[in-house]
Amino acid sequence: MVPLGRPYLTTIIDVYSSCILGFYISFNEPSYLSVKKALEHAIKPKGDIITKYCTKNDWPCFGKFDSMVVDNGAEFWSKELHLACLEMTTDIQFCPVAKPYLKPLVERMYKLINDSFLIQLPGKTFENILVKGDYDPVKQAVLPFSSLIQMLHIWIVDDYHQSLTASKTKIPQLFWDESANLYPPVEFSNQDLEMLNV
């Protein structure tokens with residue numbers, strides 16, 4: 001029960017449905033490895049989710065991407081990542097620098113994660129020092145890492161995917177199911193996954 005530091009979250013989001021396809025959490029700063037691990041999680045079927053993390057719902061999101069848009073973080077500019085991504089997707093696009101309005105889904109997602117998920121966890125931090133008061137995040141950060149992973153799975157699958165988005169226009173899971181019925185996700189074969197070293 002010793003604080004290990006502040007974890008970093010890397011997420012992969014489907015623009016059409018707003019579903020979270022996959023994620024990776026680590027105490028290491030964002031890097032080629034964190035992006036690769038998030039991609040691996042996103043492309044693989046997650047059939048064991050109910051048993052492994054005690055969710056109420058399945059997480060049916062997986063498959064090969066047609067296109068991937070990334071921001072300009074240093075972790076996205078490595079040659080190794082570019083080669084790995086080309087094996088998992090057909091097109092990689094970079095958002096222009098200093099134009100967050102071109103990636104509003106990601107910006108809103110991280111705000112939602114902060115406001116709806118992280119705010120309930122011990123060790124949370126506050127945007128406003130007046131709200132924080134005497135609260136010491138380091139002393140309160142006693143959540144085991146495995147519990148954080150389980151709680152995030154439950155929040156994604158049972159809460160976020162089943163609820164109306166901020167725009168009140170869709171429920172992510174329903175949009176995913178509808179689109180997957182029309183255009184079934186392309187699943188990587190075991191041989192493909194071995195070649196990708198996944």
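Helices are taken here as DSSP runs of H or I with at least four residues, numbered from the N terminus. In this predicted model, the protein contains nine helices and four strands, and along the sequence these elements follow the pattern β-β-α-α-β-α-β-α-α-α-α-α-α. Of the 198 residues in the protein, 34% are buried, and the protein exposes about 12,200 Å², of which carbon and sulfur atoms supply 57%. Among the contacts with a separation of 6 or more, 59% are accounted for by residues 24 or more positions apart.

One of the helices, α7, spans residues 145-159 and includes F145. With a relative accessible area of 31%, F145 is partly exposed, a class that lies between the limits of under 20% for buried and over 50% for exposed residues.

Helix α8, which comprises residues 172-182, has P172, Q173, W176, S179 and A180 as its buried residues. Seen down the axis of α8, these buried residues fall within an arc of 135°, and they therefore line one face of the helix. On the other side of α8, by contrast, L174, N181 and L182 are exposed. The cover over the buried residues of α8 includes strand β2, which is formed by residues 20-26.

Note on methods:
Residues are numbered from 1 along each chain as its sequence is written. This is a predicted model: local features need pLDDT of at least 70, side-chain atom pairs count only at pLDDT 80 or more; totals for chains, interfaces and linings use all residues. Side-chain values use heavy atoms; hydrogens and water are left out. Helices (H or I, at least four residues) and strands (E, at least two) are DSSP runs, numbered from the N terminus. Buried means under 20% relative accessible area, exposed over 50%, partly exposed in between (1.4 Å probe, protein chains only). The arc is that of the directions from the helix axis to the C-beta atoms. Contact means heavy atoms within 4.5 Å. Accessible areas come from the Shrake-Rupley method with a 1.4 Å probe; for residues, only the protein chains shown count as cover.
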